[in-house]
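The terms are given with their cut-offs as they come up.

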Amino acid sequence: MRIGLVVNDIMTEETGYTTTRLGMAAINMGHEAWVMGVGDFAYDPDEKIRARARAAPGKSYKSTEVYLKALQGGRAKRERITVDDLDVLMLRNDPSTDAIQRPWAQSAGIIFGRIAMRHGVIVLNDPNGLAKATNKM
């Protein structure tokens, strides 16, 4: 299964984050775990939204420290993916974190999640519910 994990920024992820544990667990169970930051999205001329995604290169990890180092390092697998490339998308970013420095980033994960839903991808953390919560701020 190809699982996408949307975060604020791959390089600011930490070993204790739930997203890091989810990505590592997915790989250890034999799935592909592709991580992308909201700044990694692009609307291409063919009218598809793609993301520059990363996956840790190993097949199994014993600690989140090793997994995260592999994901953030130079040997990580890199691929431009479209929503159609995923089976499941997990929206794990926190839009409020980007409110001041990157206001454009607040809605990027929500938009990507909505498009994924329209393409039949299972999206965990309903982007429509997240949008309502974000709009209350």
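Helices (H or I, at least four residues) and strands (E, at least two) are DSSP runs, numbered from the N terminus. This is a predicted model, in which local features need pLDDT of at least 70, side-chain atom pairs count only at pLDDT 80 or more, and totals for chains, interfaces and linings use all residues. Residues are numbered from 1 along each chain as its sequence is written, and side-chain values use heavy atoms, with hydrogens and water left out.

The strands come first. Two strands pair if DSSP finds at least two bridges between them. β1 and β6 run parallel and are joined by four bridges; in this pairing, valine 6 stands opposite leucine 91 of β6. β6 also pairs with strand β7 (residues 122–124), again in the parallel sense, over three bridges. There, methionine 90 is opposite leucine 124 in β7. Between β6 and β7 the chain passes through helix α3 (residues 108–118), and this β-α-β crossover is right-handed. Right-handed here means that, with the strands pointing away from the viewer, the path from the first strand over the helix to the second runs clockwise.

In a regular strand the side chains alternate between the two faces of the sheet. Strand β6 (residues 88–91) is covered on both faces, with Val88 and Met90 buried on one side and Leu89 and Leu91 buried on the other. Buried means under 20% relative accessible area, exposed over 50%, and partly exposed in between (1.4 Å probe, protein chains only).

A further set of pairings is antiparallel. Strand β3 (residues 41–43) is joined to β4 by three bridges in the antiparallel sense, and alanine 42 stands opposite arginine 50 in β4. The hairpin of β3 and β4 has five residues between the strands, and glutamate 47 in this hairpin takes a positive phi near 65 degrees. β4 is also joined to β5, antiparallel, by six bridges; arginine 54 has arginine 78 in β5 as its bridge partner. Six of the seven residues of β4 are buried, which leaves the strand mostly covered.

Grid points are joined across faces, edges and corners, and a volume is the space filled by probe spheres set on the points.

The largest pocket has a volume of about 180 Å³. It is lined by 14 residues, of which Ile10, Asp40, Arg52, Arg54 and Arg78 are the closest to its centre. β4 (49–55) and β5 (77–82) each contribute at least two residues to this lining. By type, the lining of the largest pocket has three nonpolar, three polar and eight charged residues. Ala, Val, Leu, Ile, Met, Phe, Trp, Tyr, Cys and Pro count as nonpolar, Asp, Glu, Lys and Arg as charged, and the others, Gly among them, as polar.

The second largest pocket holds about 160 Å³ of space. Among the residues that line it are Ile27, His31, Glu32, Pro57 and Lys77. Its lining divides into five nonpolar, three polar and three charged residues.

How many cavities of 30 Å³ or more does a search of the whole structure find? There are two, and the largest cavity has a volume of about 50 Å³. β1 (2–7), α1 (18–28) and α2 (64–72) each supply at least two residues of its lining, which is made up of six nonpolar, three polar and one charged. The lining includes Thr19, Thr20, Val35 and Leu68.

Threonine 19 is found in helix α1 and counts as buried because its relative accessible area is 7%. Contact means heavy atoms within 4.5 Å. Not counting residues up to four places away in sequence, threonine 19 touches Leu5, Val7, Glu13 and Arg92. Threonine 19 and valine 35 are 16 residues apart in sequence, and their C-alpha atoms are 9.2 Å apart.

Threonine 20 also lies in helix α1 and is buried, at 3% relative accessible area. Leucine 68, in helix α2, is buried at 5% relative accessibility. Leucine 68 and threonine 20 are 48 residues apart in sequence but 6.9 Å apart in space, C-alpha to C-alpha. Leaving aside neighbours within four places in sequence, leucine 68 is in contact with Glu13, Glu14, Thr15 and Thr20.

Notes:
On a 1 Å grid over the protein atoms alone, a cavity is a set of points where a 1.4 Å probe fits but cannot get out, and a pocket is an open set with protein on both sides within 12 Å along at least five of seven lines; lining residues have an atom within 4 Å of a point.
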